[in-house]
Amino acid sequence: MNLGKTLFAQLMEFVPWSSFARIVARYSGDARVSALLSTEHFRIMAYAQLTWRESLRDIEVTLAAHATKLYGMGLRQAVRRSTLADANERRDWRIWADLAAVLIRRANKLYADEPLGLDVNIAGKVYALDSSTIDLCLNLFDWAPYRTNEAAIKLHTLLDLRGAIPSFIHISDGKMGDVNVLDILPVEAGAFYIMDRGYVDFTRLYAMHQTGAFFVTRTKSNFDARRVYSAKVEKATGVVCDQTMALNGRKSARNYPEHLRRVRFKDRETGKTLIFLTNNTTLPAPVIAQLYKNRWQVELFFKWIKQHLRIKKFLGTSENAVKTQVWCAIATYVLIAIVKKELQLESSLYTCLQILSVSVFEKTHISCALQPDDLQNQPTPTSNQLILFGF
């Protein structure tokens with residue numbers, strides 16, 4: 001890379017611009033547009049995410065303050081807030097969703113060998129599925145009803161647990177039930193899907209089972225089934241019982257006509273007893289509990305992006321503007337994850353984001369800038385070296 005480029009310009013070199021051009025052409029993103037092209041639009045939205053800009057005026061003022069550096073960022077001129085507002089309103093949000101999908105596929109390949117921390121090696125993909133709600137004002141976002149006097153959107157997310165990369169995201173209004181996302185979820189044969197009890201629907205789970213995928217979830221309080229077989233367990237591992245079950249009830253048995261596996265596990269740390277339900281019959285019972293414990297990573301993902309990305313205050317009130325901002329935030333998150341992996345940085349994503357937030361216009365090699373000096377690892381001066389100000 002050219003060391004004369006800013007950190008922001010070096011970061012943008014990791015964007016697959018040729019693929020992006022095809023995406024823009026697919027949705028006619030630059031048709032009859034001259035003021036703000038799609039490439040400039042994404043750069044500005046990524047800049048807003050990296051530097052924590054929270055309003056259109058904020059973006060306009062800070063970019064104008066660095067007018068001499070805009071060309072190096074890939075911008076032809078300073079952007080006006082009205083121009084950016086119109087672009088967020090009118091340019092199809094699916095452009096940014098498809099760009100994020102391209103980056104996600106690239107990141108998934110880079111993180112494919114990440115360890116899961118299980119007692120056994122699982123060759124297939126391991127996903128955690130959950131949703132998170134972002135509250136909105138009903139008077140401004142009337143297209144996203146939630147409760148009587150509230151509006152909200154939901155981020156239904158399938159998180160690849162190798163690398164914490166979102167593999168699937170669906171943005172809906174707040175009224176969409178979590179379990180309904182199983183109808184549109186892409187299911188891979190041999191993959192594990194870890195879900196909480198809100199996704200227990202035997203018709204949908206059986207459809208997942210028929211594709212050759214595995215699920216791990218928890219039972220509801222009204223779970224009605226009979227024991228068919230009990231396997232031997234080692235109670236020292238925390239497993240209380242490992243049973244093969246058949247569903248009772250005419251409707252449930254019709255919706256899931258095959259046997260299920262129930263694992264009762266007692267957590268030594270909390271003393272709680274948890275009951276897991278799965279269609280996998282080969283993994284050891286303690287590993288089933290470990291898989292479900294890893295589901296917590298999707299909760300941490302939601303917490304992280306809400307704290308460190310700009311997806312709680314929006315630059316526009318229309319559905320297109322909101323989805324544009326969310327997808328650009330996701331694309332920026334995955335882009336940083338790609339940079340971290342390709343440059344083999346030991347810094348966390350949080351550290352990388354913090355450094356970029358205050359130094360996007362610095363002209364330092366990105367691999368050096370995102371790897372902060374560890375003073376503890378610096379060699380101690382030898383006795384024959386001159387030490388200035390050693391007091």
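Let's start inside the fold: Thr157 sits in strand β3, residues 150-160 (helices, H or I with at least four residues, and strands, E with at least two, are DSSP runs numbered from the N terminus). Thr157 is buried, with a relative accessible area of 0%; buried means under 20% relative accessible area, exposed over 50% and partly exposed in between, with a 1.4 Å probe and protein chains only. Setting aside neighbours within four places in sequence, Thr157 is in contact with Ala128, Leu129, Asp130, Pro166, Phe168, Ile169, Val298, Phe301 and Phe302, where contact means heavy atoms within 4.5 Å.

A word on what you are looking at. This is a predicted model, in which local features need pLDDT of at least 70 and side-chain atom pairs count only at pLDDT 80 or more, while totals for chains, interfaces and linings use all residues. Residues are numbered from 1 along each chain as its sequence is written, and side-chain values use heavy atoms, with hydrogens and water left out.

Now step back to the whole protein. It has 14 helices and ten strands, and its C-alpha trace spans about 75 × 70 × 40 Å along the principal axes. Of its 391 residues, 48% count as buried. Among contacts between residues at least 6 apart in sequence, 62% join residues at least 24 apart.

Next comes the interior. A nonpolar core here is a set of buried Ala, Val, Leu, Ile, Met, Phe, Trp, Tyr and Cys residues joined through side-chain atoms within 4.5 Å. The largest such core has 102 residues, of which Phe42, Leu63, Ile153, Leu291 and Ile305 touch the most other members. Helix α12, residues 319-342, supplies the largest share of this core, 14 residues. A second, separate core holds 25 residues, among them Leu158, Leu182, Tyr199 and Ala213. What does Phe42 contact beyond its neighbours within four places in sequence? Its partners are Met12, Val15, Trp17, Trp96, Leu99, Cys328 and Ala331.

Leu63 brings us to helix α4, residues 56-64, where Leu56, Ile59, Glu60, Thr62 and Leu63 are buried. The cover over the buried residues of α4 includes α3, α5 (70-73) and α6.

Let's return to α12 and look at how it packs. Two packed helices are described by the angle between their axes and the distance between the axes. The axes of α12 and helix α13, residues 349-359, come within 10 Å and cross at roughly 105°; axes are lines fitted to C-alpha atoms, for helices over the stretch in contact, and angles run from 0 to 180 degrees between N-to-C directions. The two helices are therefore roughly perpendicular to each other, given that angles of 65 to 115 degrees count as roughly perpendicular, under 35 as roughly parallel, over 145 as roughly antiparallel and the rest as oblique. On the α12 side the contact is made by Tyr333, Ile336, Ala337 and Lys340, and on the α13 side by Leu349, Cys352, Leu353 and Leu356. By class, this contact has seven nonpolar, no polar and one charged residues (Ala, Val, Leu, Ile, Met, Phe, Trp, Tyr, Cys and Pro count as nonpolar, Asp, Glu, Lys and Arg as charged, and the others, Gly among them, as polar).

Lys323 is buried at 9% relative accessible area, whereas Glu319 is partly exposed at 37%. Elsewhere, salt bridges that share partners join Glu54, Arg310 and Lys313 into one network.

The structure holds 20 salt bridges. One of them pairs Arg91 with Asp30, whose closest N and O atoms are 3.4 Å apart. This pair links distant parts of the chain, 61 residues apart: Arg91 is in the loop between α6 (81-90) and α7 (94-110), and Asp30 in the loop between α2 (17-26) and α3 (38-50). Arg91 is buried, with a relative accessible area of 6%, while Asp30 is partly exposed, at 30%.

The loop between α2 and α3 also contains Ser28. Most residues other than glycine have a negative phi. Ser28, however, has a positive phi near 55°, and it is partly exposed at 48% relative accessibility. Ala164 is not a glycine either, and has a positive phi of about 55°; it is found in the loop between β3 and β4 (165-173).

Key:
Salt bridge = Lys/Arg side-chain N within 4 Å of Asp/Glu carboxyl O.
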